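User: I'd like a close look at one residue in the middle of things and the packing around it. Could you walk me through that part?

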Amino acid sequence: MPFSTPLPRRALLAMAMSAAPLLLAGPAFAAPNVAESFVDENIHKGLEILRDKRLSTVQRRDQFEGLLLSLVDVRRIALFTLGQYRRSAPPEDVEAFVNAFKNYATAAYQSYFAKYTNQQLKVTGSTQRNPTDFIVQTQLVDPSSSQPPAEVDFRVRTDTGKPVLVDVAYQGIWLSLEQRDQFVAFLGQNNGSVRTLIAHLSDLAVTLGKPT
Amino acid sequence: MTARGWTGRGKPGKSPRKMGVSKGMRRTWTGLLVGLVLATSLGGCATGPTSPEALAANDPFEQANRAALKRNAVIDKYFVIPTVGLYFLMVPEPGRRGVHNFLGNLSLPTIFVNDMLQGELSRAGQSAWRLFINSTVGLGGFLDPASKAGIPPHGEDFGQTLAVWGVGEGPYLVLPFIGPSNPRDATGMAADILIDPTNQLPFKQHIWWDAGRIYFTLLDLKGQTYETLQGIQRNSVDYYSSLRGLYRQMRAEQIRNGRKTAEDLPDF
């Protein structure tokens, strides 16, 4: 039988020490769990804020915005959605756009997530695209409905040292991709004017309930 | 495909039924022709130059598509939405659920055929079981005991089959009444009319059956998608391109049958 002869203490110590790098490697092996935990904890926090009836509308909006801005890399998403116009637009317009996008996005995301406050989110797994890029798969379950659960994926990046959300997909449709498509089309229709897009986004943010 | 009794010959003046031509056959070919005409007709309707962004987005008929979307919105506003509103008022939710289930059950033979054509044998088995269970225990399809038995619904159509076979989608189109599409999916829609066995059944009043089925399918679809589309419109800086992008992502997801392909995502 294997291991029927007790191993010498030195051999045991050598085995333990050789295993230590694996145990301590941390990020490479534990990262998918870090991404999953990040999504699990924070999305639940967001849904709890949205369903907390003790908060006024203003308090709910402000708390949700605070949480969202701490979790989402808004600047990265904003620059992505500009597409090829990021290179040709003046830097001051790009910065103004990032700010306008931030206001629009918080209003839009609050409007999206408000529809799902009565639902439960369950993390079902994750896929690692590269060492700092993860797709966390979840299901949104509506306990009051016989509809099958909706699949919602969250894209998490860790290349800045801490996990941040950069995109969300509902039933396979990625929000940032859709936003890039429409912003690039809008800019194409408006001679590449980022300022016109900023004005439009600011109007939308007001319409969606976020003051500018 | 040969209709029952078709000989290719018939005495002048005889009705198609006496000639042995199935009404279903004529309808299917008409459907195919209409689909192809719709899919290609917009090529002659483009007005004004196409922007480089539209060409890059494979939308060379953007101007005509935008005009079609506006026309569809007018039809929706003055005809479809009021009709859907009336449907929601007059038919309670259990009834609407029954209609939805019945229509879904009618589509199952077409879904089964497309599952098989794509080599998705497991999904074909699910479709066959759903058809059997819902048609029998489900009272002709008005109930959905198959879902409760752990056999969930799924959709398939010939447009997806063509995609699986390697046919590209072609340029983006907005079809009258139907909305977002492309030549592959429009051809697929027409082919599904051919595949659907209920279109091959020769019975009297078939035209009323067809009209009723189209009408309730429209009500059901609009009822299910109205709020979502309103939300997209409210949140969009450009509803047209938002819909275009969403349609393409949605079709890609349908073609993948929900399988995840994270490697296709852009890096940012």
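Analyst: Let's start with F101(A). Setting aside its neighbours within four places in sequence, F101(A) is in contact with V74(A), A78(A) and L201(A); contact here means that two C-beta atoms, placed from the backbone, lie within 7 Å. Keep in mind that this is a predicted model, where local features need pLDDT of at least 70, side-chain atom pairs count only at pLDDT 80 or more, and totals for chains, interfaces and linings use all residues. Residues are numbered from 1 along each chain as its sequence is written, while chains are lettered from A and ligands numbered from 1 in the order in which they are written.

Now zoom out a bit. F101(A) belongs to the largest nonpolar core, which has 50 residues. F101(A) and L201(A) are both listed among those with the most contacts inside this core, along with V39(A), Y104(A), V136(A), V156(A) and L197(A). Helix α6 of chain A, residues 91-113, gives the most to this core, with 8 residues.

What counts as a nonpolar core? It's a set of buried Ala, Val, Leu, Ile, Met, Phe, Trp, Tyr and Cys residues joined through C-beta atoms within 7 Å. Buried means that 20 or more other C-beta atoms lie within 10 Å of a residue's own, again placed from the backbone. In soluble globular proteins, nonpolar side chains tend to be buried together.

A second, separate core of 21 residues includes A68(B), I111(B), F112(B) and L162(B). Back in chain A, buried residues make up 33% of the 212 residues. Chain A has 8 helices and 5 strands, counted as DSSP runs (H or I, at least four residues, for helices; E, at least two, for strands) and numbered from the N terminus.

How values were computed:
A residue is buried if 20 or more other C-beta atoms lie within 10 Å of its own, exposed if 12 or fewer, and partly exposed in between; C-beta atoms are placed from the backbone.
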